[in-house]
Amino acid sequence: MASFNTASLSRWQPEALAILRIVAGVTFMAHGIIKLFGFPDGAQPGQQEIASLMGVAGILETFGGLLIVLGLFTRPTAFVLSGMMAVAYWMAHAPSSPYPAVNGGDAAILFCFVFLYFVTSGPGAWSVDEMRKG
């Protein structure tokens with residue numbers, strides 16, 4: 001049975017964290033772009049009124065996701081987005097069913113805890129936050 005050299009794998013942790021941060025941010029932005037611009041056509045929930053709760057969510061998703069991708073103000077942005085996803089789950093998903101795979105809230109749960117992880121871990125490699133420290 002093959003064993004992994006965890007020390008050699010651990011040295012890639014900052015880059016792996018950065019990849020998680022970038023993919024999560026781009027994916028999160030995609031949800032906001034649907035709400036702000038209705039792109040792509042036919043995507044649900046479609047373009048929303050900017051002054052509505054869903055419109056505000058679209059702003060946070062789009063611009064918060066961009067900040068996460070850039071690794072700029074990562075910890076405070078992730079804190080706000082984690083809370084937003086917790087609220088979204090309990091307001092929009094949980095009332096319809098207690099099961100996340102049924103109520104469509106599994107992405108909200110994952111985003112909530114990935115962002116909570118970024119609050120504690122920071123941005124990892126390839127981030128504006130890290131460049132500003134340097």
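Reader: Why are α2 and α3 called roughly antiparallel to each other?

Author: The axes of α2 and α3 cross at roughly 155°. Angles run from 0 to 180 degrees between N-to-C directions, and axes are lines fitted to C-alpha atoms, for helices over the stretch in contact. Angles over 145 degrees count as roughly antiparallel, under 35 as roughly parallel, 65 to 115 as roughly perpendicular and the rest as oblique. The two helices are therefore roughly antiparallel. This is a predicted model, in which local features need pLDDT of at least 70 and side-chain atom pairs count only at pLDDT 80 or more, while totals for chains, interfaces and linings use all residues. Residues are numbered from 1 along each chain as its sequence is written, and side-chain values use heavy atoms, without hydrogens and water.

Reader: What kinds of residues make up the contact of α2 with α3?

Author: The axes of α2 and α3 come within 7 Å. The residues of their contact divide into 15 nonpolar, 7 polar and 3 charged. Ala, Val, Leu, Ile, Met, Phe, Trp, Tyr, Cys and Pro count as nonpolar, Asp, Glu, Lys and Arg as charged, and the others, Gly among them, as polar.

Reader: What makes a residue of α2 buried, and which residues are they?

Author: Buried means under 20% relative accessible area, exposed over 50% and partly exposed in between, with a 1.4 Å probe and protein chains only. The buried residues of α2 include L17, R21, F28 and L36. In α3, G55, G58, G64 and V69 are among the buried ones.

Reader: Which helices do the buried residues of α2 pack against?

Author: They pack against α3 (53-70), α4 (74-93) and α6 (106-121), with contact meaning heavy atoms within 4.5 Å. The buried residues of α3 pack against α2, α4 and α6.

Reader: What follows α2 and α3?

Author: After α2 comes G38, with a positive phi near 70°. After α3 comes G71, also with a positive phi near 70°.

Reader: How many helices and strands are in the chain?

Author: There are 7 helices and 0 strands. Helices are DSSP runs of H or I with at least four residues, strands runs of E with at least two, numbered from the N terminus.
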